[in-house]
Structures are given as C-alpha cells and as structure tokens.
Amino acid sequence: MSMWLVLTVQVIWPGLCLAMQHYPTTWGHYDICKSQVYTDEGLTWDYMACQPEATDMTKYLKVTLDPPNITCGDPPETYCALENPYMCNNECDAATEELAHPPELMFDFEGRNPTTFWQSSSWRKYPKPLVVNITLSWNKTIELTDDIVITFESGRPEQMVLEKSLDYGRTWQPYQFYATDCLDAFTMEPKTVQELSQFTLLDIICTEEYSRGYVWKYDKTVRFEIKDRFALFAGPRLHNMASLYGQLDTTKNLRDFFTITDLRIRLLRPATGATMVDESNLSRYFYAISDIKVHGRCKCNLHANSCVFEKEKLSCECEHNTTGPDCGRCKRNYQGRAWSAGSYLPIPKGTANICVPNNISPVNCECLGHSNRCSYIDLLNTVICVSCKHNTRGQHCHLCKLGYYRNASAELEDENVCIDCNCNPFGSESDHCNGTGFCKCKAGATGVKCHECLPGYLWDNGCKSRVCDNELLRCQNGGVCVNNVRCQCPPAFSGLLCEKPRCESEAGGCDPDSGQTPLSHSAFLLLLTSACVLLLTRL
C-alpha cells in the first residue's frame, strides 16, 4: 500500500525570524542567496551561500509497507490490550472509517481524542516472525535537522532497525539498531548516543534505551538522536553552531551522515511484555504507530533558499546559475569553471561558489593544474582538458577517475584531490566507490571499505553467515561450533544447529529417546550376513 501525503508549505513564524536576527555570527543566516551592493563599478550583485528553511518533511513523503497487506482490518480483527490480556474490545475494520487504521494516520495531526494511528495485523502466524518494513521516500535529497521520533500507540518493539538510503532506495545502510537485548538480537554491545564522541559519531550503535515495554505515556517514543550528535560539535545547547557548520563544510562524510533520500523502519519483533509469548492469546501482539516526525530541509548544495513541491515532487529553486533537483550542476553556458557546492565558510554569510559564464576559446585551458593540454571540440563548441593527471578526469580534470573519490579536505587544484577508494577486495563488489568513499558491499559486509561484517556474519576472506557461537552456545544437543559458520553434530543429530534427531529425518525410524541412528536396508543385510558367517565357522 502506498500513497502521497501532500500538504502546503508552512509560513515561517515571524517571531522566530526576528529572534534569529540577534545571533547572526553564531547561527549564520544562509537564507539570502544574493543582494545588491554599491562598488566602484556601480551597483552589482553580492552572492552568498543559502539554503531552505527547515520544516516538517512528513508533509511531502510517500509511504510504502512491506508486506503490503500487513495493515489490520481485512479481514476485521479484535485486539486485546498488551497490559491486560482480558480486555479485548479494540476492533480494526478497514471497511469502517471509525475502526480503520491505514498508514496515513502515522502522519496526520496529533492531539485529537481518541488518538489516530496505523496498526498492523496481529501475530496470528506465530512463531513465524511478525516483520514489517515501513519505507518513507521523498524522491529528493533531504538534510535532517532534528531528531527522528516514532511514537507507538502500543508497546514499543522489542527489536527494530532504522535504515537510510542515499540513492533513492537502491541500497540501504543501518542508522541504528534497537532491542531489549542487543547482544541477543544483533550480537552488538548496547550503547547510548551519550557515549559517542566527535571521533565515533558515525558509528552504528545498538541501543536498549527505547525498547522497554509500554508502562508510562512517555515510554511510547523511539528516537534517532540528531541533536545530540550536533551537540558534539555545537555544545550541549547548540550555542556554537559556527563550529558545527565548519565541520559540515569540511567533512563530507559528516554531511552525508545527516543526508537521506529514504528512511526505512524495520519492525522485527513486537512488544510481548514478558519473557514468553502467550500463544493462546496472540491478538495481544501487534505494531501500532500514531506519529512519525522527520524534521529537515531540501538539500540544495547551498545554492537555493526555497524548495517547491509541484506535481508530487520536491525541487530546489536554484540560484547562482545552477540547475538540477539539488542545484547540483551549472546551467548551460555557465560552465566556465567546474561546479562546486556552496560553503558555510566564512560564517555567517558563507561562499556562494557561483557558476560563471563560458569563455569558449581554444587557449582557455582551465584544468585546475592537473593538465596543461586542451582540445577544442568544434561539434560541442567547448574546450576539454587532455591527459588529466593525479587520478582526475573530466572536461576540466575536475572529477575523480573510477576507483577514486574526492578528498573533501583538499582544494580542487591539490595533487591529492582524489583518494584511492581502497575497497576491500573480499568484502566489496568492485573497486569503485561513491563520492563519499563508501564502497558497494557484498551481502553481509559493511563499513566504508566493506572491511567489516554486519551482525550475524563473520569475517573469513569476506563475510560469512555466523551460524553459531561457542560463547553463546547456539549449537544444540552437544554440537560443536566450527569457525562460527557451522555446527559439527554428534552422530544422532543433524540440522543447521543439530536440532533434529536423525530418526526424524531418515527412513526406518528409531526411538527418539535412545539417540541411536536407524540402520539402512543395506547395512542391515551386511550385518545379517556377517552374523551368519560367524555362526557357520563355529559349527
């Protein structure tokens, strides 16, 4: 099930704008792209870095559920309260508006009584896992500016993962893991965001802070803490945004950490409120979400101060002679130098890095110091650099060769502007990486260079599925874990974890309590023949 949730853009509160004017050197404006100034040559334009105002991004998203028929109400169901299994008077019926709980109720206006919420079907297929993927898509690059907050109407999940995509859902990487027991669920040590530092901010953690059962009304939310991460650079009350902007401007990996095109909430195990699931009353177990908050802004590379929503699509209103949905390239005839994103520095106005008009000439050889040879292409009416050095390529030697990516801390003219991707040959699919240095990982691998394994995998010239663990004693019935990838079973048992007595899996049958393996037909005849020979020799 999918739908577009469309609302109009809110007007910025005047009071907030007035308050911001008192702190120009601390926060920076970045809301005006250009202004007219008088110079010795007369009236001219002064260009500045600019970006759209942050807003509620749930007004522009598309939501998709997987499986698509997981929403309750078809057929109608009656639910019990998790806290009181005998109170079973909650109904869900998709055909009745008052009793329906469709996905759009995760994003409607809160504060109404009774609270509106989306709800899944119950765990009626237990012990098969009750797994739901909720995907939020913008079809646009978004920069997060505040905490992601998910409010559950029922108990919070005992296991869930928040994931992000930077390429419109083609690939995913985890943002954060959530569990009542991180070691058991994801083989990860539990950690909180308060334990992170400036050097570990990009670490993917598992937290147990938001997975307790529903006890109080404040125990309903699950958070991904954006502001706490901002505070590592800007201070506890975000009073030094200049420091944060400086870090964002010079560290591309940090900018990309707060940048998304899609979010995915993977609900892996519902709240049970106990150590054991009550199989006689499975209508107690389900997911219900009353609100999701995602606060951010359109990413326009500091080349636009507004973002419009037309024909179910967000796009930046580009300035500085740039164009594209993210203002990510120069307009035609304004490619006199390589495109560059705007800069937050120097604070508070930043640097616009505008695109300049072409100056077509066979001698206009602008190759950023990576080549001294150019060629004029008459058919294209343009000049291109020839034999780019320092692992660069492109019309102006402004791009990196495949297998290399842009060094965000180096100027375009620097010989070290392009860095070797250095993708792990066993963990990555190729030696190519994206613009942030992230390699494309094989199944089970993770990390910038695909040199680490996801929970449940073990490194062995690549990431192998972690089947067992001697420390956690996953192998059953006396099985021994071999290299964490398989269980070596005793003769009487088989299966991935040695969980199956062989008498159940082989013909002939045996006494399950005896632990003896049944004889095959050929083995029985051989044993009978041997007994006869022994008997004849004694006669």
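A salt bridge is a side-chain nitrogen of Lys or Arg lying within 4 Å of a carboxyl oxygen of Asp or Glu. Side chains of opposite charge can pair when their charged atoms come close. This is a predicted model, in which local features need pLDDT of at least 70 and side-chain atom pairs count only at pLDDT 80 or more, while totals for chains, interfaces and linings use all residues. Residues are numbered from 1 along each chain as its sequence is written, and side-chain values use heavy atoms, with hydrogens and water left out.

A search of the whole structure finds 14 salt bridges. Among the residues involved, Glu163, Arg264 and Arg266 are linked in a network of salt bridges. The table lists some of the pairs.

| Pair | N to O distance |
|---|---|
| Glu225 and Arg229 | 3.7 Å |
| Arg284 and Asp278 | 3.9 Å |
| Asp291 and Lys293 | 2.6 Å |

The surroundings of these side chains can be described by relative accessible area, where buried means under 20%, exposed means over 50%, and partly exposed means in between (1.4 Å probe, protein chains only). In the pair formed by Glu225 and Arg229, both residues are buried.
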